[in-house]
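Q: Please take a close look at one part of this model, and describe the elements around it and the partner chain as well. Give the cut-off behind each term where it comes up.

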Amino acid sequence: MHGDEKFHHPKGRGRTGAFWIIMQTRLVSLVTILLVAVAQSVATVLFHTVTANRILTPSILGFDALYVLSQTALVFVFGVSSTGLEGIPKIVAQSVLMVGFATLLYGWLFSGRRANLHLMLLVGVVLGIAFQSIASFLQRMLTPSEFDVLSARLFGSISKADPAYLPIAGAIVLGILIYVWSRRRSYDVLALGRDVSVGLGLKYRREVVVNLVLVAVLVSISATMVGPMTFYGFLVATLAYQFAPGDRHAEVLPLAIGIGLVTLLAATFVLRHLFSAAGLVTVIIEFVGGALFLIVLLRKGLR
Amino acid sequence: MSQQHARASRGIELRGVEKRYAGRHVLGPIDLAIERGGVTALIGANGAGKSTMLTIIGRLLDADSGRVEVGGLDVRVAKPKELAKVVSILRQENHFMARLTVEQLVTFGRFPHSAGRLSSADRRAIHAAIAFLDLSGFEDRFIDELSGGQRQRAFVAMVLAQDTDYVLLDEPLTGLDMRHAVGMMGQVRAAADALGKTIVLVIHDVNFAAAYADRIVALADGRVIASGTPEEIITPEVLERVFKTPVEVLEHAGKRVAVYYRP
């Protein structure tokens, strides 16, 4: 259970006694949680707004699969010792790959006259499956030890985040957050769908492409820090819609971020300190989120 | 002011507008001018291209070729923001994922003017639109709790709050019973007369067009085959060409009535 914590702190928890080291790791975890919460909740709410659909999750666009594929490819090409590519360059390469993919896909699919959001989502699903298949094909050819290292990397974990990445991630997330907040009123219109948005004077295509790229950036930042998460954003956004006094983004966004933060903090606290199972945080959250997804899907389907 | 006037006199103009799906013409080429002011009804059989033409005028759909001008603005190249203050469009079906009250819905109509920050002028316009469509007292009701007629009026109120010279309505009478359909057409008429709007609407029932419209444009197989006053269009010859079914035309209280229920 403590595998990946030991990996980061070779001396083990509680044995150094150095207060600041503990504080530092705690602080890294805290900032990671903050960034993941903001990135995932804003990404999901934006994605729902752009698609005018609340039972989608951004992972439908194939980003998680792309993350898995790129990690697999790294291990496949460079091996366990890898690396030649570690730390910041690896993270930057990762982000550039994912955002570049998003920009190309959306730009290409949404520039022509045939611009169609549903077509784009469908292409995202198909590409996601393709990435997944290629990744599992590559995984089959790995040695057991390589596969072991890869599994550890793909397994989302709060304590796995690289502290060097936090300032960059923090700056990007903050920048996006400021942009999103300044445009919160336009998002209220965008959520009413294409026809109303165009009728009320939004540059619809531009809005869709820009915001989907923002979603891609946020999802890739979160995935780079703690691995892919499919249902956490959905869980947070759904709860926010439920508890927000209205449907305006000025109300939903802060609430979603708050709920995201509380959920992640509470799960981390309980699992790390009561069950000594910090590695399970994302698993548990994904489980709860997935269950909620099914419930929402069934309820909407029955109506 | 003079520029405003030049624009005002222009109305809606379509030149060589065409739309094809999979190489098949669904519309056009259409050359049509709709003058400013009054109510213009688009009639035609199912699939004649009425809604396609309306959505192209309302820049929700791009034409494959040709040019559409509304109030002097080319809808393809004009700034979306500017266009949203000149022409508004209401589509037939409106499903939103958000749950909105009547007032919230109508408030969205002010977005081109307010960008979401409401001034007192915006609030006045919102309440005027709500009152105009007899929805006072329903401001805080959710639109999914309203009857079909009330909901339709709420959407029209939103479009009126947008306060554009040109208002396009795609089958506003769908799903309305006699009383509500008559009420809706009365309000459309009043918006044209009292507020000076140019209203273009797709209508299925030719008799509503005959009773309320100033001009009727008849489409068949994607082409405009006749346009003119109700007296010119509501005749057995024209209607039989448009709908390809026998029609008898009667006169009632100074208005034409088409009877077509039994051939």
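A: Of the 303 residues in chain A, 42% are buried, where buried means that 20 or more other C-beta atoms lie within 10 Å of the residue's own, exposed means 12 or fewer, and partly exposed is in between, with C-beta atoms placed from the backbone. This is a predicted model, in which local features need pLDDT of at least 70 and side-chain atom pairs count only at pLDDT 80 or more, while totals for chains, interfaces and linings use all residues. Residues are numbered from 1 along each chain as its sequence is written, and chains are lettered from A and ligands numbered from 1 in the order in which they are written.

Chain A has 13 helices and zero strands; helices (H or I, at least four residues) and strands (E, at least two) are DSSP runs, numbered from the N terminus. Among contacts in chain A between residues at least 6 apart in sequence, 80% join residues at least 24 apart; a contact requires C-beta atoms, placed from the backbone, within 7 Å.

One helix pair of chain A can be described in detail. The axes of helix 2 (residues 19-51) of chain A and helix 10 (residues 204-226) of chain A come within 9 Å and cross at roughly 150°. Axes are lines fitted to C-alpha atoms, for helices over the stretch in contact, and angles run from 0 to 180 degrees between N-to-C directions. Helix 2 of chain A and helix 10 of chain A are therefore roughly antiparallel: over 145 degrees counts as roughly antiparallel, under 35 as roughly parallel, 65 to 115 as roughly perpendicular and the rest as oblique. The contact includes A:Leu35, A:Ala39 and A:Leu46 from helix 2 of chain A, and A:Leu212, A:Val215 and A:Ile221 from helix 10 of chain A. The contact residues of these two helices comprise 17 nonpolar, four polar and no charged. Here Ala, Val, Leu, Ile, Met, Phe, Trp, Tyr, Cys and Pro count as nonpolar, Asp, Glu, Lys and Arg as charged, and the others, Gly among them, as polar.

Chain A is touched by chain B: 17 residues of chain A are in contact with 20 residues of chain B. On the chain B side, helix 3 (80-83), strand 6 and helix 5 (111-114) each supply at least two residues, and helix 3 of chain B gives the most, with three residues. That side of chain B divides into 12 nonpolar, three polar and five charged residues.

Strand 6 of chain B also belongs to a sheet. Six strands of chain B form this open sheet in the order 6-7-8-3-9-10, with mixed pairing; two strands pair if DSSP finds at least two bridges between them. Its edge strands are strand 6 (87-90) and strand 10 of chain B, each of which pairs on one side only. Neighbouring strands of this sheet are turned by 15° against each other on average, direction ignored. Within the sheet, strand 7 (residues 166-170) of chain B runs parallel to strand 8 (residues 198-202) of chain B over five bridges, and B:Val167 has B:Ile199 as its bridge partner in strand 8 of chain B.

The part to look at closely is strand 9 of chain B. Strand 9 (residues 215-220) of chain B runs antiparallel to strand 10 (residues 223-228) of chain B, joined by five bridges. B:Ala220 is bridged to B:Arg223 in strand 10 of chain B. Two residues lie between the strands of this hairpin, and B:Asp221 takes a positive phi near 50°. Helix 11 (residues 236-243) of chain B lies across strand 3 (38-44), strand 9 and strand 10 of chain B, at about 40° to strand 9 of chain B.

B:Leu219 is found in strand 9 of chain B. B:Leu219 counts as buried because 25 C-beta neighbours lie inside 10 Å. Leaving aside neighbours within four places in sequence, B:Leu219 is in contact with B:Leu42, B:Gly44, B:Ala48, B:Gly49, B:Lys50, B:Met53, B:Val224 and B:Ile225. One of these, B:Gly49, is 170 residues away along the chain, yet its C-alpha atom is separated from that of B:Leu219 by 7.0 Å.

Chain B has another sheet, open, with four strands in the order 2-1-4-5 and antiparallel pairing. Strand 2 and strand 5 (73-74) of chain B are its edge strands. Strand 1 (residues 12-21) of chain B pairs with strand 2 (residues 24-34) of chain B over seven bridges, and B:Val17 is bridged to B:Ile30. Their hairpin has two residues between the strands, with a positive phi of about 50° at B:Ala22 in the turn.

How values were computed
Two residues are in contact if their C-beta atoms, placed from the backbone, lie within 7 Å.
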